[in-house]
Structures are given as structure tokens and as C-alpha cells.
There are 2 protein chains.
Amino acid sequence: MKKTPRKSDETRTRILDAALALFRERGFERSTMREVAQSAGMAVGAAYYYFDSKDAIVLAFYARAQAEMSAGIAESLDRATTLEARLRAVIERKFEYFRPNRRLMGALSAHADPEHPVSPFGKETRAIREEDVALFERAVTESGVKLPDTVRPYLARLLWMYQMGLILFWVYDNSAGQKRTELLYEKTLKMLLVTLKIARLPLLRPLHRLAGELLQVIYS
Amino acid sequence: MKKTPRKSDETRTRILDAALALFRERGFERSTMREVAQSAGMAVGAAYYYFDSKDAIVLAFYARAQAEMSAGIAESLDRATTLEARLRAVIERKFEYFRPNRRLMGALSAHADPEHPVSPFGKETRAIREEDVALFERAVTESGVKLPDTVRPYLARLLWMYQMGLILFWVYDNSAGQKRTELLYEKTLKMLLVTLKIARLPLLRPLHRLAGELLQVIYS
DNA sequence: GTCTATATGGAGATAGAC
DNA sequence: GTCTATCTCCATATAGAC
């Protein structure tokens, strides 16, 4: 809507870049706003003029990440047909993008409280989250999976939660090359696919009836 | 091992009680160590002499909670026979105990990082955690459930995780009387029991084979 | 609107009194 | 060992220069 306010945008980007470089190098906790400001070549107050808080910088990183990944993911989704391939397209792109930034992601996972401005579950992050859920919805819809009506409407949001769990585990996974996360991902993905495949068997009726009743209230 | 060092124990308890009262009233975040110390009638340094950090106070609360609950839970377990009743005995006692302390529990759930001294997943909290897992092990063992060998050894730890998830959800559940958590609990507990009941069906073989492979690496 | 300089209040550390 | 007084460092707020 605005007439390209170039100068301030450039400054904002400079702060963000400086901060991210620092956070990547030393981790979020051990970096100070003074260092961020100095590294960006300005006073602390200037950094606060552009970002409400230290956390807000991480939030900006997420917004940027989302923007930079979405086109590529959409393309990958166009090429993949099976549900497995489509889910992998979304999830693996995320990990690829986040890999160099693992040390700064702890900042986010520290805020489970939805009231906190940078919680991934709060209203401040709703736009990013819904865009993200939409990717999973696309992955599911165009793969043509059949699921009981009780859980089908919630599947994309459940997959988003699943992905958040994976990322959380990965952030604190200190095994070499995060091999444990790799395994967690591979095994749970298979389990998920098997579960979806057999979900409509009459035997499992009681399970998705319960799940449906639950989801209806949780997501309301 | 020590000869009852009464004086320091009394001071420590006084600080803990003052802190918990404050945390309950105003929440953990909004309370300061200065207030805690003043409320306990001493200088800030004294509080730090007894507790390494503000977080450490919450940790002490957990240790106390564990100690105060375990006898009662053990008794309840002696009276309950079915797996459902036994699991309820453990889980519901926790919620009953924690209910007046909901506002101070946010402190704990904020530390997913196992490296952090007060993370529920770190080594500093191992003793409490293992004692807690042992309660679930008792609940399962003496209920005589039959499960595939692939997952049976991990069941208690999985149930502990399940409980942690419930508590986390509950801490940030602002619905009246935490009704949503109530529902989450009732529905997922039923789902869990149904799942365990049908777990040995040949149809589900691929699922617990995968689960077994996963758990073996995750818990190692 | 953009940014600097300076202030505030809190967690935690430390020196040393007793 | 127990505790007070004081210090440091940080996130964040604010006054006001340009």
C-alpha cells in the first residue's frame, strides 16, 4: 500500500541480517541487543525502533523464511503426486532451510505460551501459521486420500503440529548431524502413512469417533 | 547423611514458601527475586545462597510435589485394578495437586531445552523424572496388560510423556475450569486404552514394528 | 520518521561481615 | 556456614536531537 519507503526497509534488513548472523554464530541467548546494534552500526535504540524486542527479530526471521520457502514448496507440490512425496516436499524443504539456523531456533520453541507475542501458537503469528497449514492442506487435498469425515477437516492442522514437534525435537537434538531426528522423522512418517491407509477400517471406528469428538472441541 | 541442620532447612523452606505464595498470586514471570527475598525477610543474596536461580525454586517445588504425592499415589495404585483406573490414579492426583499452582507451572514448561538446568528432560531433573516414570511402570505392570515386545519396554516412558503433554496443554488452557484439558484427557485416555487393547492384532504389526525401531533409538 | 544518549529495573555474581 | 550490601550486565523504555 505504501510508496516504497526504501531507506527504512534497508535499515531494517541490515539489523535483521546482522542479528541473524550473530544468533547463528553464538546462539540466541548468548547474543545481546548491544552486539546486534553495534554489528549493524547503530545505537541500541535504533534496533528497538525497528523491532519491538529481541524475540521480534526471530519472528521476522520466520516471516522471511516462510516467504522465501513458499514458492519453492508450491513448485515441489506440483511435481509430487503421492501423499508421502507431497508431505516430504513440505517438511524436508523446511529442514533444509532451517539447518544453518538451528542455533537460533531455540528462541521460538521456548515460548509455548500462546499469550506470548512470539509463540508459534499465538495470535501474532496466526498469519504465518495459517499460510503454513495451507501448504499441508494442499499436500493432502491433491493427493486424494480418503479419510473419515470425523478427522479429515483437521488433518492439515494435525500435520502442522506434527511438523512443529519434529522441529522442536530437532532443535535440541545434539546427535551427530541430528541423526535421531532423521530417524524420528522417517519412522513416524511411515507410521502416519500406514495409519491413514487403514484409518477407514471398521475396526478403527471407535478410535476416529473419539478423535473427531476431541478435535471438534480443541479446534473451535 | 547429615546431622539435621535445622536452621538452614528452616530458612530454605521459608524462602520456598514465600516464593511459591508469590508465584501463585502473581505468576512466575511477574514476581522478582527482590520480592521473594523481602517477603521471606532477608536480602536477595540470601535467597541466592539457598537457590541457584529463580528457576531453581520451581525445581524445588517439583521435588516437594513429587515427595508429597508419591505415597498417596502408591496407595491409590494398591486399590485400583484395571489399567484405566490405575492410570487415572496417577494422572488425576497430579492435576489435583497442581491445580492451585497452575500459574507457577509455566516456568517449567518454558524450558524444552534438555541442557537447561530446570528442563523436565535434563539430567538435573533425572531423579524426579525416573521416580515418576516408575509410577507409570507400576500402573502398567500390575494391571497385566499384554503388549508387543517391541513397545512394551517403553510404555511407561511414553505414558510419562503423554502426561507431560497434558500438563503443558493444561498450563496454557484458559478455558473455564480448564474444560478443554479435561476433554483432551478423557478422549485421549480412551483412545490410548482402545489402542493398547487392539495393539496385538496382526493388522497392526507393521505399526509396532516401526514404533519399536524408533523407540529403541530414541531411548538409548 | 529515524536515530542517539541515557535511564530503569531485574537476574544473578561477589566481597566480605559475622 | 549464613547472610548483607553492592556490583555487573542485560533487555527494554524514554527524551529528545535531527
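A salt bridge is taken here as a side-chain nitrogen of Lys or Arg within 4 Å of a carboxyl oxygen of Asp or Glu. By this rule, one salt bridge is found across the interface of domain 1 of chain A and domain 2 of chain A. The structure is a predicted model, and the values below are computed from that model.

The fold of chain A comprises 10 helices and zero strands. Read from the N terminus, the elements follow the order α-α-α-α-α-α-α-α-α-α. The C-alpha trace of chain A extends over about 65 × 45 × 35 Å along its principal axes. Two domains are assigned in chain A, domain 1 covering residues 1-52 and domain 2 covering residues 62-219. The centres of these two domains of chain A, taken over C-alpha atoms, lie 30 Å apart. To their contact, domain 1 of chain A contributes 11 residues and domain 2 of chain A contributes six residues.

Between them, domain 1 and domain 2 of chain A bury about 720 Å², of which 52% is on carbon and sulfur atoms. On the side of domain 1 of chain A, 54% of the area buried against domain 2 is supplied by A:Leu20, A:Arg24 and A:Phe28, more than by any other three residues. The salt bridge rule gives one pair across this domain interface. A salt bridge joins the side chains of A:Arg64 and A:Asp17, with an N to O distance of 2.9 Å; A:Asp17 falls within the bounds of domain 1 and A:Arg64 within those of domain 2. Polar contacts between domain 1 and domain 2 of chain A number three residue pairs, both residues being at pLDDT 80 or more. The side of domain 1 of chain A that touches domain 2 is made up of four nonpolar, two polar and five charged residues.

The relation between the two chains was examined next.

In the interface between the chains, 30 residues of chain B are in contact with 30 residues of chain A. The size of an interface is often expressed as the accessible area lost when the parts come together. For chain B and chain A this buried area is about 2700 Å², with 78% of it on carbon and sulfur atoms. Two salt bridges are found by the rule across the interface of chain B and chain A. A salt bridge is formed by B:Lys187 with A:Glu213, whose closest N and O atoms are 2.3 Å apart. Eight residue pairs are in polar contact across the interface of chain B and chain A, both residues of each pair being at pLDDT 80 or more. On the side of chain B that touches chain A, the elements giving two or more residues are α8 (155-171), α9 (179-198) and α10 (205-218) of chain B. The largest share of that side, 10 residues, is provided by α9(B). By class, the residues of chain B on this side comprise 20 nonpolar, four polar and six charged.

Note on methods. Residues numbered from 1 in each chain as written. Chains lettered and ligands numbered in written order. Predicted model: local features only at pLDDT ≥ 70, side-chain atom pairs only at ≥ 80, totals over all residues. Heavy atoms only, no water. Contact = heavy atoms within 4.5 Å. Buried area = accessible area lost by both parts, 1.4 Å probe. Polar contact = N/O pair within 3.5 Å; in protein donor to acceptor, adjacent residues only side chain to side chain. Helix = DSSP H or I, 4+ residues; strand = E, 2+ residues; numbered from the N terminus. Nonpolar A, V, L, I, M, F, W, Y, C, P; charged D, E, K, R; others polar. Domains from an automatic or database assignment.
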